[in-house]
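Trainee: Could you take me through this one, starting with the charged side chains?
Mentor: Gladly, let us open it up.

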Amino acid sequence: QVQLVESGGGLVQAGGSLRLSCAASGRILSINAMRWYRQAPGKQRELVAGITSGGNTNYADSVKGRFTISRDNAKNTVYLQMNRLEPEDTAVYYCNAEILSSITTRRDYWGQGTQVTVSS
């Protein structure tokens, strides 16, 4: 019913930039918080950044000042602009969104993940 599709990952040198996108489609009444998580090999999935429907944002300490989360509510899309990338940012990045499909149906959805690799 609802899909999250990510794009924008890839290979970049340290110090470079990438922009991730995540578009939600399907039966959507409204979207509350949207978030980006990442998971590096052998590590737990961690929250990178989040944004509320009103535009309030929060970031992991490790990415503050380098990453910017934003959203386009008209397009049901969330973005993650990643600047000054470091090898430690290498991970699979996942989009997450709290979506209302009806007035009685609200749940979290996940994207399939997109690989970000930063070479030193």
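Trainee: How many salt bridges does the structure hold?
Mentor: There are 6 salt bridges in the structure, where a salt bridge is a side-chain nitrogen of Lys or Arg within 4 Å of a carboxyl oxygen of Asp or Glu. Bear in mind that this is a predicted model, in which local features need pLDDT of at least 70 and side-chain atom pairs count only at pLDDT 80 or more, while totals for chains, interfaces and linings use all residues. Residues are numbered from 1 along each chain as its sequence is written, and side-chain values use heavy atoms, with hydrogens and water left out.

Trainee: Which residue does arginine 38 form a salt bridge with?
Mentor: Its partner is glutamate 46, and the closest N and O atoms of the two are 2.7 Å apart. Arginine 38 is buried, at 6% relative accessibility, and glutamate 46 is partly exposed at 35%; buried means under 20% relative accessible area, exposed over 50%, and partly exposed in between, with a 1.4 Å probe and protein chains only.

Trainee: And what about glutamate 86 and arginine 66, where do they lie?
Mentor: Their side chains meet in a salt bridge at 3.8 Å, N to O. Glutamate 86 lies in the loop between β8 (77–82) and β9 (91–102), and arginine 66 in the loop between β6 (57–59) and β7 (67–72), so the pair ties together parts that are 20 residues apart in sequence. The strands named here are DSSP runs (E, at least two residues), numbered from the N terminus. Glutamate 86 is partly exposed, with a relative accessible area of 33%, whereas arginine 66 is buried at 6%. Salt bridges that share partners join Arg38, Glu46, Arg66, Glu86 and Asp89 into one network.

Trainee: Aspartate 61, is that one buried or exposed?
Mentor: Aspartate 61 is exposed, with a relative accessible area of 65%, and it forms a salt bridge with lysine 64, the closest N and O atoms being 3.1 Å apart. Lysine 64 is partly exposed, at 48%.

Trainee: Switching to the inside, which residues have the most contacts in the largest nonpolar core?
Mentor: Those are Trp36, Leu80, Met82 and Tyr93, in a core of 30 residues. A nonpolar core here is a set of buried Ala, Val, Leu, Ile, Met, Phe, Trp, Tyr and Cys residues joined through side-chain atoms within 4.5 Å. Among the elements that give two or more residues to this core are β1 (2–7), β3 (18–26), β4 (30–39) and β5 (46–51), and β9 gives the most, with 5 residues.

Trainee: What order do the strands of the open sheet follow?
Mentor: The 4 strands are ordered β1-β3-β8-β7 with antiparallel pairing, and two strands pair if DSSP finds at least two bridges between them. β1 and β7 stand at the edges, each with a single partner strand, so one side of each is left without a neighbour in the sheet. Between β7 and β8 there are 6 bridges, and aspartate 72 has threonine 77 of β8 as its bridge partner.

Trainee: What is the phi of asparagine 76 like?
Mentor: Phi of asparagine 76 is near 50°, a positive value in a residue other than glycine, and this asparagine is found in the loop between β7 and β8. Arginine 84, in the loop between β8 and β9, also has a positive phi, of about 45°. For context, most residues other than glycine have a negative phi.

Trainee: How does β11 pair with β2 and with β9?
Mentor: Strand β2 (residues 10–13) runs parallel to β11 and is joined to it by 4 bridges, with glycine 10 opposite valine 116. β9 and β11 pair in the antiparallel sense over 3 bridges, and there tyrosine 93 stands opposite threonine 114. The covered face of β11 has Thr114, Val116 and Val118, and the uncovered one Gln115, Thr117 and Ser119.

Trainee: Last topic: how many aromatic pairs are found in the whole structure?
Mentor: The search finds 1 aromatic pair. The rings of tyrosine 37 and tryptophan 110 have their centres 5.0 Å apart and their planes at 55°, so the pair is tilted; rings of Phe, Tyr and Trp (its six-membered ring) pair if their centres lie within 6.5 Å, and planes under 30 degrees apart count as stacked, over 60 as edge-to-face and the rest as tilted. Tyrosine 37 is in strand β4 and tryptophan 110 in strand β10 (residues 105–110), 73 residues apart.
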